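Thanks for coming. I will take the ligand site to begin with, and then a few points about the chain itself.

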Amino acid sequence: MGVFAISGAASGIGAATRNRIERAGNDVIGIDLDGCEVVADLGSTAGRAGAVAGVLELSSGRLDGLVTAAGVGPPLDPATIVSINYFGSQALLDGLRPALTATGDAQAVAVSSNSTTVTPSVPAALVAACLDGDEDQARALLAERPDAGSPGAMIQAYAASKIAIAHWVRRNAPGADWAGAGVRLNAIAPGSTLTPLLEHGLEDDTFGPLISGFAVPTGAHAAPDEIAAWIEQMLIGDGRRFLCGTVLFVDGGTDALVRPNDWPAPYAL
Ligand code: NAI
């Protein structure tokens, strides 16, 4: 069977995905701060390089799939959120692409979020700095905010990191380096999912009521395995070959509730 790399595999959505992929008979190389085959801090340039090198060594340079699930959320320093969520994920996608193309038939799934479409006033310049690959600029934009370190800055940093990774996926997925090289690249946008990340927010006096007050038409929250079930389909399901550049919302209907007419957006020439 196949060999799959999963960041954030020690907990939550990443761990649930690992369980499913292993139950289906595959090998998984987990990447996390602790408790995985590759121990690395995706918040730093050196940690990202070490993660890529570790996976390439353990996989002998050949991967059937990659999931970038490692991530952090509020309450936390906004610059740290962007560094781990966007730059940590993008570095894995970029650095492990040669191992994915080596098999000629592989999948990559970036874990985005439905915060992308339901968070107001996310600064476009922050998203642009991410997509330009300018981590110093992204962090400087957050530090320069008059409300740096506020709950609003944390929420917007989180959403910006998830918008940027979803746009990176859509920019790259159809190109020669990805679809053209036999690698389907997609993103998943979960809604609130009961993991340590969400529990950390729920326990906070400011974020707890905000998260609990969020409208989820199906009822909150997802179990990690409910999100992992869709990632499994994207990685090894029968329909995976034609899935390319998609951002799959699995969010209990929140995006549809808040943004019913905004997308699909008509193509205005
Ligand atoms: P989690 O906290 O259960 O798992 C995240 C994992 O990422 C942990 O094992 C953690 O150690 C690892 N991680 C954090 N910082 C790291 C670093 N610097 N280097 C390496 N690994 C690091 O959280 P959860 O909820 O499973 O999150 C997985 C992904 O899903 C994240 O990208 C998160 O933003 C995203 N997501 C989560 C939602 C939720 O409601 N739980 C909703 C939408 C998206």
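**The ligand and its surroundings**

Let me start with the make-up of the shell around the ligand: 15 of its residues are nonpolar, 11 are polar and three are charged. Please keep in mind that this is a predicted model. In total, 29 residues surround the ligand. The closest of them are Ser11, Asp32, Tyr158, Thr193 and Thr195.

Now some individual contacts. On the backbone side, isoleucine 13 has an N or O atom 2.8 Å from an oxygen atom of the ligand. Alanine 40 also takes part through its backbone, where a polar atom is 3.4 Å from a nitrogen atom of the ligand. With aspartate 41 the side chain is involved: one of its N or O atoms is 2.8 Å from a ligand nitrogen. How much of the ligand does the protein bury? On its own the ligand exposes 830 Å², and 92% of that is buried by the protein.

As for where this happens, the ligand takes up the space of the largest pocket.

Next, the salt bridges. The structure has eight of them, and I will show one. Arginine 20 pairs with aspartate 225, and their closest N and O atoms are 2.8 Å apart.

Proline 74 and proline 75 are joined by a cis peptide bond, with omega near 0°. Proline 75 belongs to the loop between β4, residues 65-68, and α3, residues 78-103. Another cis bond runs from tryptophan 263 to proline 264, with omega about 5°. Proline 264 is found in the segment after α11, which covers residues 254-258.

You will find serine 60 in the loop between α2, residues 45-59, and β4.

That is what I have for today.

How values were computed. Residues numbered from 1 in each chain as written. Predicted model: local features only at pLDDT ≥ 70, side-chain atom pairs only at ≥ 80, totals over all residues. Heavy atoms only, no water. Near = heavy atom within 4 Å. Polar contact = N/O pair within 3.5 Å; in protein donor to acceptor, adjacent residues only side chain to side chain. Areas by Shrake-Rupley, 256 points an atom, 1.4 Å probe, with all protein chains shown as cover. 1 Å grid on protein atoms, 1.4 Å probe; cavity = no way out; pocket = protein on both sides within 12 Å on 5 of 7 lines; lining within 4 Å. Sits in = over half its atoms within 2 Å of the grid points. Nonpolar A, V, L, I, M, F, W, Y, C, P; charged D, E, K, R; others polar. Salt bridge = Lys/Arg side-chain N within 4 Å of Asp/Glu carboxyl O. Helix = DSSP H or I, 4+ residues; strand = E, 2+ residues; numbered from the N terminus.
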